[in-house]
Amino acid sequence: MGTMRYFSASTIHPVTTPAVSHHVLVVEEDGTIVDLVPEQEVDATKVEHLEGDLIPGFINTHCHLELSHLKGRFEEKTGLPDFLNKVVAQRAAAAQEVQEAMQTADSEMWDNGIVAVGDICNKYDSFAVKAGSRIHYHSMVELLAFHPERTAGAMEQGNSLLQQLSELGLSGSIVPHAPYSVSPALLEQITAQCADSGVPTSIHMMESNDETEFFVQGTGLYRRLYHNMGMDIDFFEPSGKTSLATLLPFLHPKARTLLVHNTIATAADVVHAVEQHANLWWCFCPNANLYIEDRLPDIPQLMRAIPEGRITLGTDSLASNHQLSVWSEIQIVLQRFPELKLVDVLPWATLNGARYLGIDHLFGSLEKGKRPGIVLLSESTIQRII
Ligand SMILES: [Zn+2]
């Protein structure tokens with residue numbers, strides 16, 4: 001063992017055990033946690049004292065690094081269908097601009113204390129940045145194919161991107177985009193493959209009332225979106241149920257599945273879903289919800305219905321956020337829902353995300369043997385210690 005470092009702080013949050021004061025976190029030079037001991041057990045002259053909350057590095061379970069160059073490009077609060085239209089119409093840009101924006105976003109996340117990211121990608125553009133990053137990325141290759149006839153083609157495309165990821169030594173899985181952009185057949189194939197390989201998958205879910213209207217009645221903005229794109233969706237039969245209730249039967253029950261956004265979800269939706277699928281995880285991206293839809297999920301109500309340990313946080317992309325900072329997501333949750341405290345939300349931002357991504361042997365808590373990154377929160381500023 002090399003040189004040790006000894007940190008004390010106003011409060012230390014191991015996350016897996018209750019927060020403590022008057023303790024010292026013993027850490028190897030490379031950031032591996034050695035121990036957490038009462039302060040009287042350590043020679044006081046060796047201890048670096050920090051003011052604030054000492055926590056493990058953040059896990060961002062939902063991001064789109066590929067869209068980083070769209071920062072500040074779109075007007076806020078115009079609704080999701082309009083937002084999607086703009087992303088499709090305006091995401092093309094010079095390769096160098098895209099690469100530089102991703103590089104900057106990656107450094108920004110590192111500085112904001114993020115150690116691991118579940119990152120949605122539609123092409124290979126982000127792979128080089130990820131291969132060179134200090135952040136651990138799990139790439140989620142996102143598939144869209146609403147017409148059932150396009151299922152095989154979408155799977156083939158996704159698996160060829162997965163192959164490229166694995167050649168670069170990067171971890172990845174395939175994920176469906178959203179209820180209104182994948183067929184039940186594609187959903188079944190994607191989640192069966194993820195269940196087989198034991199990797200996480202995710203889907204944008206229950207983002208707007210337009211989504212519900214489309215599934216219940218087959219009408220509204222999504223119907224128009226397809227019409228405007230010149231796509232024939234006569235095969236689509238509205239189910240009379242919400243998007244989540246409609247699609248749950250097609251999700252492989254063993255696939256670790258992150259439902260992203262849940263903006264309009266109710267506690268009843270959660271209870272019903274959890275009864276049918278034992279491996280659901282729930283991601284909130286509050287700043288992006290405010291940016292796009294100008295509303296937030298009823299987080300305290302949903303929290304009571306979601307099983308312990310299954311909530312995570314995500315930043316979404318810079319197309320719909322002013323920064324990529326899990327800390328900023330926590331702050332908005334605490335501001336808007338004062339009944340919630342830092343200790344309630346901290347597991348969402350660290351341990352739960354690490355478990356969902358399958359990297360909790362290294363990340364997510366200040367436990368012996370892990371190298372989770374160490375972050376100091378003080379008076380709403382954030383500082384990366386290791
Ligand atoms: Zn997203």
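Donors are N, O and S atoms within 2.8 Å of the metal (3.2 Å for Na, K and Ca); water is not among the atoms, so sites may look incomplete. The views below show a predicted model, in which local features need pLDDT of at least 70 and side-chain atom pairs count only at pLDDT 80 or more, while totals for chains, interfaces and linings use all residues. Numbering starts from 1 along each chain as its sequence is written, and side-chain values use heavy atoms, with hydrogens and water left out.

**View 1. Protein donors of the zinc ion.** His-62 (NE2), His-64 (NE2), His-204 (NE2) and Asp-316 (OD) lie 2.1 to 2.7 Å from the zinc ion. The angles among these 4 donor atoms run from 80 to 167°, and the site is irregular. Four donors count as tetrahedral if all angles lie between 85 and 135 degrees; four count as square planar and six as octahedral if opposite donors are over 155 degrees apart and all others between 65 and 115; anything else is irregular. The sequence spacing of the donor residues is H-x1-H-x139-H-x111-D. Of these, His-204 belongs to strand S9 (residues 201-205) and Asp-316 to the loop between strand S12 (311-313) and helix H12 (326-336), a pair 112 residues apart that links distant parts of the chain. Helices (H or I, at least four residues) and strands (E, at least two) are DSSP runs, numbered from the N terminus. His-204 counts as buried because its relative accessibility is 6%, and Asp-316 counts as buried at 6% as well. Buried means under 20% relative accessible area, exposed over 50%, partly exposed in between (1.4 Å probe, protein chains only).

**View 2. Lining of the largest pocket.** The largest pocket has a volume of about 900 Å³. Val-88, Asn-122, Glu-142, Leu-144 and His-177 are the closest to its centre among the 38 lining residues. Two or more lining residues come from each of helix H1 (80-90), strand S7 (136-143), helix H4 (151-167) and helix H7 (221-228). H1 gives the most, with 6 residues. On a 1 Å grid over the protein atoms alone, a cavity is a set of points where a 1.4 Å probe fits but cannot get out, and a pocket is an open set with protein on both sides within 12 Å along at least five of seven lines; lining residues have an atom within 4 Å of a point. Grid points are joined across faces, edges and corners, and a volume is the space filled by probe spheres set on the points.

**View 3. Lining of the second largest pocket.** The volume of the second largest pocket is about 290 Å³. It is lined by 15 residues, of which Glu-308, Gly-309, Asp-344, Pro-347 and Trp-348 are the closest to its centre. Helix H13 (342-349) and helix H14 (351-357) give two or more residues each to this lining. H13 gives the most, with 4 residues.

**View 4. Lining of the largest cavity.** There is 1 cavity of 30 Å³ or more, and the largest cavity has a volume of about 40 Å³. Leu-80, Glu-207, His-261, Thr-263, Ala-288, Asn-289, Ile-292 and Glu-293 line the largest cavity. Helix H10 (residues 286-292) gives the most to this lining, with 3 residues.
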